[in-house]
Amino acid sequence: VGLCFCVPPGGPLAAAEMSICELPKAGLNLLVSGCDAFENCNVSQSWSAQLPSLPPSTQQQLRFAPAGAPASNASFITFGALLSLAPIGSAYYGYSRGMKGSLELFERLVQERGGLLVNGTRRPFRFAIVSDESRLDLTTNATAHAIRGLGADFMLGGFSSGFTNYAARQSYADKTIMLATTAATPSVISQNNLTFGVLPPSPRYIKTAVEAIVDAADACDSRLDRCWRGMPPRCRGATCRESLKAGFIAARTKFTSVMCSLGAGVTQEAGVPVALNSSGLPLITTVAPAFSVGISQEYIDDIKEALQPLRDEGVTLLVGCTYLGTGKGLMLALQQLGWAPLAVVTTATLSEGRIHAELRSTAPLALSWAAEYTVEPMVWHPSLSGRGTWSNLTSIEFTRQFQRANGGELVSYIGAAAFAASCSLADAIERAGSLETDEVAAALNSATLFEFFSNLTYNKDGQADEDMMVLQFQPGRVDETVVAGVANGRTVENLPIDLRHASGGGEPSLGPMLFPQPTWEQRACERRLHPGVLKAGENIEEIQCSGHGHCDMDGVCVCTGGYRGVDCEDEPEEEDRHARRLILTTVLPAAGVIALLALALFLVARRFKLAKRRRQLLWRSTRQPPRLRSKAGGEYHLFLSHTWSSGQDQVHMIKRRLATLAPKMKVFLDVDDLEEFGTLADNVAASDVVLLFLSRGYFASKACQIEYTAACRLGKPVVVVHESNENHGGAPLEELRDQCPDECRAHLFGSRAVVPWLRSEVFQLVTLKKIVAVVLSADGGEAATGKQAGGGDEIASVASDLSTHSRESRVGESSSGGGRRRSLAELQLERATMASAEAARRVAARAMARAPAKKECESADLYLHVELKPAAGLGPGPGLTLLYSRHNPGARLVASQLAATVAGCVAVEAPAGGATSVGGGRGLPLLVLN
C-alpha cells in the first residue's frame with residue numbers, strides 16, 4: 001500500500017501499534033517560530049514535496065481497529081490525533097495520557113461494531129497519532145505529518161487553544177476537518193469553516209461561575225441560614241451581592257489570557273463591578289503557566305506578587321484563569337498571604353484527576369485543605385446523567401471503562417472531551433455517508449447529537465455552546481461536589497464507591513455552594529484537630545473544636561455546653577470537680593469528714609457565685625445586679641442594628657460583653673435571631689430599646705433602613721453608638737448624621753448623646769454601662785436606686801384594660817345584630833364591671849399622685865467589681881490639690897469630679913510658672929489626653 005513498516009532490531013511488532021517510514025506528499029507547509037509568552041507566533045509558509053521536519057525521537061503511531069492489516073490502505077478511515085506523548089514529563093504530557101486512553105476506548109468501541117458505517121458498508125478504522133512534544137513550533141509540522149504522511153482523513157486537535165490555533169491552520173491548508181478536543185477560545189474555532197470544537201466558548205466558563213456566585217450571594221442576603229454555617233457573613237457592603245468586586249489573574253497562555261479578557265465583560269454583564277487598572281481597563285495580572293502539580297515556592301511567590309494589586313483594589317471575587325499548576329499555586333499563595341476573598345474561581349484545576357492526590361498529601365507545598373471552598377466551571381462530570389446517542393454509554397459507564405483500562409486512574413473532562421469529539425466526527429461521517437470534506441462539514445454544522453459528555457450542537461462559528469456546571473471542593477472531601485449549572489433535563493447522580501477518590505465514598509455529588517468562604521484563620525481552626533480527609537459520615541461542622549463548639553472568623557474556638565480549652569477539650573466544671581477531689585483528699589478522717597466536705601462545697605459554690613457576680617454590673621446603692629423584666633419568645637430588651645460591611649465584629653463584641661455584664665438581658669442580633677428578612681420591623685417593635693451602631697455604610701444599608709425607620713416611627717428609645725476609627729469601618733459622626741434622613745434625624749440624634757465605641761476595654765465598659773442604663777430606664781422594672789418603681793403605672797394599666805373591656809363589650813353587642821335582649825344577670829355583671837373599673841381608676845390616680853416621678857437610670861448608678869471606687873476622704877494629713885491647666889478642659893473636668901467626690905481634695909487652676917504646691921499641701925498636676 002506504499003508504506004514501509006520499520007521493525008525495531010530484535011523486537012516484534014505490536015499487534016496494534018506500528019512505526020511508519022513515510023512516503024512524502026507535496027503540500028503547503030506552515031512553519032511556526034518566534035512565539036512569545038502568550039503563544040503569539042510568526043508563521044511562514046512554503047509549498048514543498050517534503051514534509052516539514054520533526055525531531056528523530058518524535059512518536060508516530062498507526063493504531064488499527066479491527067486488528068489486522070487491511071487488504072487495501074484506501075479502505076481505512078483514519079482519524080489523525082495530535083498528542084504530547086514525549087518527552088515524558090513535558091508540559092502537556094499528563095493531559096495527553098488521558099486523551100490517549102480515551103481514544104483507545106473509542107477505537108475499541110468501533111472495533112466491536114466492525115468499523116464505521118458509510119453508505120451501508122462497514123469500513124475499518126484506525127488512529128494516526130503524532131506527538132508535538134509539547135512544543136508550539138512543532139504543532140503544524142506534526143499536523144502535516146498526520147495528514148500527508150500517515151494519511152489522516154480527519155484531525156482531532158491536541159491540548160490547549162494555543163496549540164490548536166496553529167494546528168487548525170495547517171489542517172485547513174490541507175483541506176482537512178479538525179475537531180478541537182480541548183480548545184475553547186472562540187477565535188481559534190471561528191478562524192475557518194473546517195474547524196469545530198466540542199468545548200463551550202471560554203467566556204462561558206467565567207459567566208457560569210460568576211452567575212452561580214451571584215445566586216449564592218443573593219441567597220445569603222435573603223436568609224442568613226443560607227450563608228455558609230449561618231455564621232456572620234464576611235461581606236463588606238450593604239449586602240453580599242453589593243460586596244462583590246471582581247479581579248482577574250491569568251496564566252500567560254492564549255486560552256487563559258483570552259478567557260480572562262472576555263470574562264471581565266461577562267462579569268460586568270452579570271452585575272458585578274470589576275477592578276480597574278490605571279488606564280481604566282479591567283485589572284488582569286498575569287503569571288507564567290504551570291501545567292503539573294510539581295511547583296516551587298518561587299513560583300508561589302510570583303503568584304503572591306501578582307495578587308497584591310488585586311488585593312489592594314479590594315477584590316472580593318477572585319477569578320483565576322488557570323491550568324493545573326497555576327490553580328494549585330494560586331490557592332497556596334492565598335493561604336500564605338492569609339487573604340480570603342468571598343469567592344475564588346479557578347479553571348482546569350479542580351476538574352483534573354491529578355489534583356485529588358494533593359488533597360490527601362501532607363508533603364511540603366501540597367494543597368491539602370487549601371483547595372476547599374474554591375469553585376470551578378466545568379462542562380462535564382462523571383456523575384452527569386444521560387446515555388449517549390452514538391456511544392450508547394453513560395458518564396458512569398464511560399468512567400468505569402476508562403478506569404479499568406488505565407490502571408485505576410479516573411478520567412478528567414479532557415479525556416471525556418477527546419472521546420466525545422471522536423463520537424461527533426464518527427456520527428457526522430455516518431450521517432453524511434461519505435468521507436468528502438464538504439459533506440462531513442455540513443453534517444457537523446447540522447448535528448444535534450446528544451452524548452453523555454454534552455449536547456453536541458455547533459453554533460455558527462462551529463463551537464458547541466452547551467451550558468456548564470460549577471464544581472466545589474467542600475471541607476474534608478476529596479470528591480468534588482456539583483453546586484450549580486445542571487441544565488437541559490440532566491441530573492447529577494451519586495458516584496459508585498469504585499469511582500470515587502475517597503475511600504469509603506458516601507459524599508453526595510450534588511449540593512449547595514458554600515458561600516462566603518471562611519477566613520484562613522477559621523479554616524486553620526477547623527482543621528487543627530482533623531487536617532486530613534474526613535471519614536465517611538463525618539462533617540466538619542460536627543468535629544471542629546472537639547465537637548463542642550465552632551471556630552469563629554478569628555480562628556478561636558467558641559465553646560458550647562460548658563466546655564472549655566483552646567479546642568473545647570476540657571469537660572464542663574472540670575475545675576469544680578478538681579477542687580472537690582482536692583478537698584476530699586485533705587480533710588481529716590472520721591466524723592469531721594462530712595462537716596468539712598459540706599463546708600468546702602459551700603465555699604466552692606459561694607466562690608463561683610461571687611466570681612459570677614463580679615463579672616456582672618451591680619447597683620451602687622444595693623450592690624445587687626439589676627433585675628430586668630422577663631421576655632416572652634420573640635420579645636427583646638435590646639435590638640442591635642448594624643451593617644454587616646463595617647459593624648459586625650463590634651456588635652458581636654457588644655452582645656458577648658452584655659451577656660456577661662447583664663446576663664438577664666435578652667438581645668436581638670440578626671445572625672442569631674432573625675428568621676425571615678421581612679420580619680425586621682416586627683423584631684424592632686418587639687424590642688424595648690434599639691441600638692444603632694453607626695459605621696461606614698450604615699445609612700446605605702437596606703436592612704438598617706428598615707430598622708431605624710421602624711424605631712423612629714414607633715418612637716422607640718434609641719442609643720446611638722459610633723465607630724470613628726476608619727481602620728475598623730468607622731466614619732466621621734457629622735458625615736453619618738448628614739446621611740440620616742431628615743424625618744428621623746431629630747429622634748435618632750436628639751434624645752441622647754452619641755456614645756463612642758473605642759478599642760480599649762475600660763472605655764468599652766463605659767459604653768456598655770451607658771447601654772445597660774438606657775435599657776433599664778426603658779424596661780421600667782427598676783429605677784436608678786435599684787428599687788421597684790412606678791407602681792401606679794401598672795394599676796392605671798389594669799384600670800384602663802377593664803374600662804376598655806367594658807366599652808368593647810357594649811360596642812360588640814350593639815353591632816352584632818341587636819336582636820337579643822340581655823338577661824338581668826348580664827346587666828348586673830356589666831354594672832359591676834363598670835364600677836370596678838371606676839374604682840380602679842380612682843386608686844390609680846391616688847397612687848400616681850403619691851408616687852415620686854421616675855428617675856431615668858444613669859450609667860454612674862452602675863459599677864463593676866473591678867472598677868476603682870473613690871474613697872470617702874484622704875484621711876489625716878495635708879490635703880491634695882489637683883492642678884489643671886486652663887488649656888486642658890478635660891483635666892479640669894476630672895479634677896472637679898474627684899474634688900466633689902473625695903473629702904480633702906480640691907481642684908485649682910495651675911498658677912503661671914508651673915508651681916506644683918499650693919498652700920503647703922500636696923499638689924498633683926493632671927494631664928488628660930483624648
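Predicted model: local features only at pLDDT ≥ 70, side-chain atom pairs only at ≥ 80, totals over all residues.
A residue counts as buried under 20% relative accessible area, as exposed over 50%, and as partly exposed in between. By that scale Cys559 is partly exposed, because its relative accessible area is 26%.

The disulfides come first. A disulfide is a covalent bond between the sulfur atoms of two cysteines. A search of the whole structure finds 6 of them. Cys559 belongs to one, with its sulfur 2.1 Å from that of Cys568. The torsion about this S-S bond is about -95°, so the link of Cys559 and Cys568 is left-handed.

Another disulfide joins Cys545 to Cys557, with an S to S distance of 2.1 Å. The angle about its S-S bond is -95°, and the link is left-handed. Cys545 sits in the loop between helix 15 (540-543) and strand 23 (549-551), while Cys557 is in strand 24 (residues 557-559), so the bond ties together parts that are 12 residues apart in sequence. Both cysteines of this pair are buried.

Cys35 and Cys41 form a further disulfide, with their sulfur atoms 2.0 Å apart. Here the angle about the S-S bond is 110° and the link is right-handed. Cys35 is partly exposed at 34% relative accessibility, whereas Cys41 is buried at 15%.

Which cysteine sulfur is closest to that of Cys744? It is the sulfur of Cys712, but at 3.1 Å it is too far for a bond, because a disulfide requires sulfur atoms within 2.5 Å. For Cys740 the closest cysteine sulfur is in Cys744, 5.8 Å away, and this too is too far for a bond. Cys740 is buried, with a relative accessible area of 2%, and Cys744 is buried at 3%.

The backbone also has points to check. Most residues other than glycine have a negative phi, and most peptide bonds are trans. Glu39 has a positive phi, near 65°. Glu39 is found in the loop between strand 4 (27-33) and strand 5 (42-48), and it counts as buried at 8% relative accessibility. Asn119 also has a positive phi, of about 55°, although it is not a glycine. Its place is the loop between strand 8 (116-118) and strand 9 (121-123). Asn119 is exposed, with a relative accessible area of 65%. The peptide bond from Phe515 to Pro516 is cis, with omega near -5°. Pro516 lies in the loop between strand 22 (481-484) and helix 14 (520-527).

Two helices carry side chains to look at next. Arg657, in helix 18 (residues 644-661), is buried yet has no salt bridge. The nearest side chain of opposite charge is that of Glu761, 4.2 Å away; a salt bridge would need a side-chain nitrogen of the arginine within 4 Å of a carboxyl oxygen. Leaving out residues up to four places away in sequence, Arg657 touches Glu761, Gln764, Leu765 and Leu768.

Phe602 is in helix 17 (residues 592-614) and counts as exposed at 53% relative accessibility. Together with Leu596, Leu599 and Leu603, Phe602 forms a nonpolar patch on the surface, with about 380 Å² of accessible area in total.

Notes:
Residues numbered from 1 in each chain as written. Heavy atoms only, no water. Patch = residues over 30% accessible without salt bridge, like charges linked within 9 Å, V, L, I, M, F, W, Y side chains within 5 Å. Areas by Shrake-Rupley, 256 points an atom, 1.4 Å probe, with all protein chains shown as cover. Helix = DSSP H or I, 4+ residues; strand = E, 2+ residues; numbered from the N terminus. Buried < 20%, exposed > 50% of the residue type's maximum accessible area, 1.4 Å probe, protein only. Lys, Arg positive; Asp, Glu negative; His and termini not counted. Contact = heavy atoms within 4.5 Å.
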